[in-house]
Amino acid sequence: MSDSIFAKIDTILDEIKSASPQDPEQLESYRIKYLGSKNVLKALFGLIKDVEPARKKDFGMKMNELKQTAQAVFDNSLETIESAGNDQARVEMDRTRPGYPLEVGARHPVSVVLNDMVDIFSRIGFVVSEDREIEDDWHNFTAMNTPEDHPARDMQDTFYLTNSIENLLRTHTSSVQARVMTTSKPPIRIIAPGRVYRNETVSARSHCQFHQVEGLYIDKNVSFADMKQTLLFFAQEMYGPQTKIRLRPSYFPFTEPSAEMDVWMGTETEKTRKLTKGTGWLEVLGCGMVDPNVLTNCGIDASVYSGFAFGIGIERSAMQKYDIGDIRQLFENDIRFLKQFQAAH
Ligand code: PHE
């Protein structure tokens, strides 16, 4: 009986002597096993009642050796691990060591394209004018020649704020036209980039939030030809010097006449065929001569001044530029998606 107990002690002694915890984690499991409150030695101590009386003294000495060895191995390992840690700390304190590279962030594709557009228009004298996303009915609709019962209101599904039907999330950046015209005098030459909202079903092709760049130019003798030339300049800067544009008649309550501008993408590649639904033409923006009613609503003398306005959708250009197939990806902030634009400026 006693022999097998002594044999057990020897086995554990060997075990402890050959143990060499290498890191804080291993050291902690060693500590729990041999020195913790429920350690294996305690269980051995309990066996003293089974040791024959003549060998109880031997048993006590063996157990002491076991305990001291367990502690010594622990102390040694602790010291080794700590001094290795200090070496590491010394390396970190080395002031001549080259720095750790910082992870470089990436611009959101919408921001890249928005900045491109702002850049192009600022080169021909347009200044950026930003305004609120929570608008009132007057600036978003009424001032823009869209009275209460005007059927054009059905064109844009609006998010109204619950506390007041007067407040809404702007459905277009054209509201900034009204903000600027009521507070400044012509000549006016602004672009207004920003986020807009529409109560639409979210799908791969449309979202309930997106971005536009609004343009407004008001002065004496501003003509349709001025608008066309400005937009041609924009298209050629944006899509390349050979880019062709076409204006198709359209309708907006705040411009008369109104048009939509397409750029020629061609039908050679599958990508452009898909993008242009086989026509070769990509719809890029809405535009027109500012309706005299809008000028009058905003306190500008329509018999003296005229102007043009345009609104460009940003997401579509970003999707086309980076070959993004689903607009929802632009709003999900998935870091794996956004990282791909690291190289973009
Ligand atoms: N506000 C129009 C839209 O959101 C775009 C536009 C702006 C059209 C200015 C003409 C002039 O669709």
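Predicted model: local features only at pLDDT ≥ 70, side-chain atom pairs only at ≥ 80, totals over all residues.

**Ligand site**

I started with His172: one of its polar side-chain atoms sits 3.1 Å from a nitrogen atom of the ligand.

Next I checked Ser174, where an N or O atom of the side chain is 3.0 Å from a nitrogen atom of the ligand. For Arg198 I got 2.9 Å, this time between a polar side-chain atom and an oxygen atom of the ligand.

How much of the ligand's accessible area does the protein cover? I get 92% of the 330 Å² that the ligand has on its own.

I then listed the neighbours. The ligand is surrounded by 14 residues, and the closest are His172, Ser174, Arg198, Gln212 and Glu214. Sorted by class, the shell comes out as seven polar, five nonpolar and two charged residues.

Which elements supply at least two residues of that shell each? I found α7 (174-183), β6 (209-219), β9 (281-290) and β10 (306-313). The biggest giver is β10, with three residues.

**The sheet**

I traced the strand order next. It reads β1-β5-β6-β10-β9-β8-β7, an open sheet of seven strands with mixed pairing. The edges are β1 (127-128) and β7 (245-252); each has a single partner strand, so one side of each is left without a neighbour in the sheet.

I followed β7 to its partner. β7 pairs with β8 (residues 255-264) in the antiparallel sense, over seven bridges. The two strands make a hairpin, with two residues between them.

Where does α7 go? The helix lies across β5 (188-197), β6 and β10, and I read an angle of about 40° between α7 and β6.

Pro186 and Pro187 are joined by one, with omega at about 0°. Pro187 belongs to the loop between α7 and β5.

The other entry joins Glu256 and Pro257, and omega there is about -5°. Pro257 falls in strand β8, the strand that makes the hairpin with β7.

Last stop was phi. Asn145 isn't a glycine, yet its phi is positive at about 65°. I placed Asn145 in the loop between α6 (137-142) and β3 (160-161).

How values were computed. Residues numbered from 1 in each chain as written. Heavy atoms only, no water. Near = heavy atom within 4 Å. Polar contact = N/O pair within 3.5 Å; in protein donor to acceptor, adjacent residues only side chain to side chain. Areas by Shrake-Rupley, 256 points an atom, 1.4 Å probe, with all protein chains shown as cover. Helix = DSSP H or I, 4+ residues; strand = E, 2+ residues; numbered from the N terminus. Nonpolar A, V, L, I, M, F, W, Y, C, P; charged D, E, K, R; others polar. Pairing = 2+ DSSP bridges. Contact = heavy atoms within 4.5 Å. Axes fitted to C-alpha atoms, helices over the stretch in contact; angles between N-to-C directions.
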